[in-house]
Amino acid sequence: MSTLDETSGQQGDVAGPVLRVSTDSIPALDRFDWWVEMVGNEVMPVTVRSAHAAVFQGRADAVELPDSQVAFFSFSPMTAHRSPVQIRRSDPEAYYLVLVHGSPIRLEQKRGVACLGPGDMALFSTSHPLACDFLDHGRQVRLTLMRLARSLLPLASGKADRLLAEPLSTRAGSARLLGPYLAGLPEAAHASGPRERARLGHIGVDLAAAVLAGRLGAQDSLPAESRKSVLLSRINAFIDQHLGDPELRPAAIAAHHHISVRTLHLLFRDEPDTVATTIRRRRLERCHADLTDPHQRHRTITEIAARWGFHRPADFSRLFRGAYGVPPNEVRALALDANAVRGLHNPSAPLRGLAGQPTVRSMG
């Protein structure tokens with residue numbers, strides 16, 4: 001994000017691959033203008049009106065990926081309009097998927113009108129006039145924007161325009177995976193190197209393309225690599241949701257997704273781990289998280305192991321020690337001691353590591 005990079009260290013804070021900016025360090029009288037300029041540079045030029053301009057507050061967390069960008073916004077209620085003149089002056093030729101978390105928004109573009117509540121999603125384009133009303137329900141607007149370059153979206157030219165400002169279901173098919181992907185992206189980006197972040201970006205684009213293609217009834221038009229990536233994402237989500245099931249094995253996973261066990265193993269051929277190793281590693285990671293969580297200290301080690309699919313204590317202890325170099329009881333003891341020491345030094349430490357007259361501003 002160009003403007004955000006320029007402001008890092010003052011208005012912005014670089015935390016690894018996730019960049020955060022907010023109006024907190026901007027003089028109160030300048031915050032609204034600064035926010036409008038930032039949106040104009042980083043999303044697209046728009047004309048903005050807000051009844052909260054004098055007390056405006058805003059924050060954005062952005063994850064920049066090779067083929068996309070995902071940004072999490074929280075800001076005071078406002079309205080935004082994009083005119084044909086602004087489009088002629090500056091058009092990044094991008095689509096945006098918007099996922100609403102808080103107050104509802106009303107989105108209008110071409111012939112579409114979408115009234116979106118929490119959990120709803122819609123598509124808009126930088127290449128057509130737009131009207132967006134972030135409704136004032138007495139609290140901050142919260143949403144996620146996923147930017148998709150028009151040239152990289154694997155759909156026939158102009159097809160996605162049919163979906164502009166049309167509500168997209170987040171409760172079926174690939175859309176059920178896209179929401180959790182967006183929510184977990186900052187944490188995943190923090191824990192990943194450049195190569196893995198690039199892979200995360202490709203997965204996001206493929207999931208978004210699958211959502212749009214599914215709504216258009218054009219799934220078969222997606223490239224084979226995109227369809228493979230979406231299927232792999234579905235399988236990984238299924239594994240995460242069923243880690244506590246001791247019957248979670250390759251055969252059960254393949255049957256649930258209507259593919260052969262051989263096809264399942266071929267899907268994982270280019271992954272860092274095999275299917276079985278992936279299941280074991282994720283189970284051990286969940287166990288490690290529970291053992292070091294003081295809120296889980298009422299559970300025995302055996303209960304934690306069984307919770308995540310390990311029903312033989314001896315096998316669990318052996319696998320855990322092989323993965324972490326120490327037995328599970330030592331990991332738990334060290335975590336409890338560390339929390340006890342932190343509590344002595346800081347007893348209050350957590351246990352875990354609008355009003356105003358409408359104002360108009362225009363960019364472009």
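Ala165 counts as buried because its relative accessibility is 2% (buried means under 20% relative accessible area, exposed over 50% and partly exposed in between, with a 1.4 Å probe and protein chains only). This is a predicted model, in which local features need pLDDT of at least 70, side-chain atom pairs count only at pLDDT 80 or more, and totals for chains, interfaces and linings use all residues. Residues are numbered from 1 along each chain as its sequence is written, and side-chain values use heavy atoms, with hydrogens and water left out.

**Backbone with positive phi**

- Most residues other than glycine have a negative phi.
- Ala165 is not a glycine, yet its phi is positive, at about 55°.
- Ala165 is placed in the loop between S12 and H4 (helices, H or I of at least four residues, and strands, E of at least two, are DSSP runs numbered from the N terminus).
- Glu93 also has a positive phi, near 55°, and lies in the loop between helix H3 (84–89) and strand S7 (94–100).
- Glu93 is partly exposed, because its relative accessible area is 47%.

**Aromatic residues**

- The whole structure holds 10 aromatic pairs (rings of Phe, Tyr and Trp, the last by its six-membered ring, pair if their centres lie within 6.5 Å; planes under 30 degrees apart count as stacked, over 60 as edge-to-face and the rest as tilted).
- The pair of Trp34 and Trp35 is tilted, because the ring centres are 6.4 Å apart and the planes stand at 50°.
- Both Trp34 and Trp35 are buried.
- Phe310 and Phe316 form a tilted pair, with 5.3 Å from centre to centre and 45° between the planes.
- Phe310 counts as buried at 9% relative accessibility, and Phe316 counts as buried at 2%.
- One aromatic cluster consists of Phe32, Trp34, Trp35, Phe56, Phe73, Phe75 and Phe134.
- Arg286 lies over the face of Trp308, 6.0 Å from the ring centre (a charge sits over a ring if NZ of Lys or CZ of Arg is within 6 Å of the ring centre and within 35 degrees of the ring normal).

**Helix H2**

- H2 has 12 residues and spans 16 Å from its first C-alpha to its last, close to the 16 Å expected at 1.5 Å a residue (the expected span is 1.5 Å times one less than the number of residues).
- Nine of the 12 residues of H2 are buried, among them Arg31, Val36, Met38 and Glu42.

**Largest cavity**

- The largest cavity has a volume of about 260 Å³ (on a 1 Å grid over the protein atoms alone, a cavity is a set of points where a 1.4 Å probe fits but cannot get out, a pocket is an open set with protein on both sides within 12 Å along at least five of seven lines, and lining residues have an atom within 4 Å of a point).
- The cavity is lined by 19 residues, of which Val39, Val43, Phe124, Phe134 and Leu145 are the closest to its centre.
- Strand S11 (130–134) and helix H2 (31–42) are among the elements that each supply at least two lining residues, and S11 gives the most, with three.
- The cavity lining divides into 19 nonpolar, no polar and no charged residues (Ala, Val, Leu, Ile, Met, Phe, Trp, Tyr, Cys and Pro count as nonpolar, Asp, Glu, Lys and Arg as charged, and the others, Gly among them, as polar).

**Largest pocket**

- The largest pocket holds about 1,700 Å³ of space.
- Of its 36 lining residues, Ala188, Glu196, Leu200, Asp240 and Arg282 are the closest to the centre.
- H6 provides the largest share of the pocket lining, nine residues.
- The pocket lining divides into 13 nonpolar, eight polar and 15 charged residues.

Technical notes: Points joined across faces, edges and corners; volume = space filled by probe spheres on them.
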